[in-house]
Structures are given as C-alpha cells and as structure tokens.
Amino acid sequence: MRTRPLYDVVALLARTGVGAVFIAHGWQKIQVGIDQTSEQFTALDVPLPTAAAVYATFVELLGGAALILGLGLPVAGVLLFLDMAGALVFVNGSNGLFLVDEQGVARNGYELVLVLGLAALVFAAGGAGRLT
C-alpha cells in the first residue's frame, strides 16, 4: 500500500522528468527555428505545418515548465497530450512501436510520444500529487 507522502514525492519526480523532456523538445524547435520546424512538418505531411510548429514549440516549452512547477496541470496536461497525439497520428504512428529496430536502425517509432502523452494525461487528470 502506498503512502501519500511517498506518492507525492514520486509524482514530483515524474513531473520533473517528463517536463524536462518536453522542455528539451520545445527548446530544440526554438533552436532550429519555427520556419525550419514548419518545413520539417511539411515534409512529414503534417496539416497546417506552421500552426502545428508554433503549437508544438510553445506547448512543449511552456507545458513542460508547467509540469515541473505544478501549475495549470489540467490545461497543460491536456495540451501536451494533444501535442503527442498529433505526433503519434501524423509522424510516428506508422513507424512501429520502437524508436530503433532489431538491427539498430532508427525507425522513429511511437514509444516516446505514447509514454509522454499518457503521462501528461495522468497529470491533467489529477495524478500530479500534492506538491504542486
């Protein structure tokens, strides 16, 4: 049986880790630029690539920070979940589960976006602990 203080600390650690990954991905998009991100989304047939690039960049940056700080989690968690749902549907879904196949070849599978999206949804639903 879990104790509430232990859960709260573990939830804080999980929010911090997931938030850091989202911030890193958003920052990566800032570094290459919205225009370059939009071009990459165009090549991947993402609908409304410029709008999607702006959304993904700022939801990942600000939503990741919100997870770490424990602020606005219902909204931030849902927006991050939708970001990852879009990545799953438009980018990673057809590549199989694994990021790398048995031969070590990068396949850009959907395992990361699935886990990040579902974790964000758990935080949005109130699983973020009391240390928010």
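The buried residues of α2 pack against α1 (4–32) and α3 (49–69). This is a predicted model.

**Helix α2**

- Helix α2 spans residues 34–43, and its residues Thr37, Ser38 and Phe41 are buried.
- Those buried residues fall within an arc of 100° when α2 is seen down its axis, so they line one face of the helix.
- An α-helix has 3.6 residues a turn, so residues three or four places apart point the same way.
- Asp35, Glu39 and Ala43 are exposed, and they sit on the face of α2 turned away from its buried side.
- After α2 comes aspartate 45, with a positive phi near 60°.

**Threonine 37**

- Threonine 37 belongs to helix α2.
- Its relative accessible area is 1%, so threonine 37 is buried, the cut-off being under 20%.
- Which residues does threonine 37 contact, leaving aside its neighbours within four places in sequence? They are Lys29, Val32 and Ala53.

**Packing of α1 with α3**

- Two packed helices are described by the angle between their axes and the distance between the axes.
- For α1 and α3 the angle is about 155°, and the axes are 7 Å apart.
- That makes α1 roughly antiparallel to α3, because angles over 145 degrees count as roughly antiparallel.
- α1 and α3 cross in a left-handed sense.
- The residues of the contact of α1 with α3 comprise 14 nonpolar, 6 polar and 3 charged.

**Packing of α1 with α5**

- The axes of α1 and α5 come within 11 Å of each other and cross at roughly 130°.
- α1 and α5 are therefore oblique to each other.
- The crossing of α1 and α5 is left-handed.
- From α1, the contact takes in Ala11, Ala14, Arg15, Val18, Val21, Phe22 and His25.
- From α5, the contact takes in Leu112, Leu116, Ala119, Ala120 and Phe123.
- By type, the residues of this contact of α1 with α5 are 10 nonpolar, 1 polar and 1 charged.

**Loop residues with positive phi**

- Where is leucine 48 found? Leucine 48 is in the loop between α2 and α3.
- The phi of leucine 48 is near 45°, a positive value in a residue other than glycine.
- Leucine 48 has a relative accessible area of 66% and is therefore exposed, since exposed means over 50%.
- Asparagine 108 lies in the loop between α4 (73–92) and α5.
- Although asparagine 108 is not a glycine, its phi is positive, about 60°.
- Asparagine 108 is partly exposed, with a relative accessible area of 40%.

**Leucine 118**

- Leucine 118 is placed in helix α5, which runs over residues 111–124.
- Its relative accessibility is 44%, so leucine 118 counts as partly exposed.
- Leucine 118 and glycine 129 are 11 residues apart along the chain, and their C-alpha atoms are separated by 16 Å.

Terms used:
Residues are numbered from 1 along each chain as its sequence is written. This is a predicted model: local features need pLDDT of at least 70, side-chain atom pairs count only at pLDDT 80 or more; totals for chains, interfaces and linings use all residues. Side-chain values use heavy atoms; hydrogens and water are left out. Helices (H or I, at least four residues) and strands (E, at least two) are DSSP runs, numbered from the N terminus. Buried means under 20% relative accessible area, exposed over 50%, partly exposed in between (1.4 Å probe, protein chains only). The arc is that of the directions from the helix axis to the C-beta atoms. Contact means heavy atoms within 4.5 Å. Axes are lines fitted to C-alpha atoms, for helices over the stretch in contact, and angles run from 0 to 180 degrees between N-to-C directions. Angles under 35 degrees count as roughly parallel, over 145 as roughly antiparallel, 65 to 115 as roughly perpendicular and the rest as oblique. A crossing is left-handed if the near helix is turned anticlockwise from the far one by less than a right angle, and right-handed if clockwise. Ala, Val, Leu, Ile, Met, Phe, Trp, Tyr, Cys and Pro count as nonpolar, Asp, Glu, Lys and Arg as charged, and the others, Gly among them, as polar.
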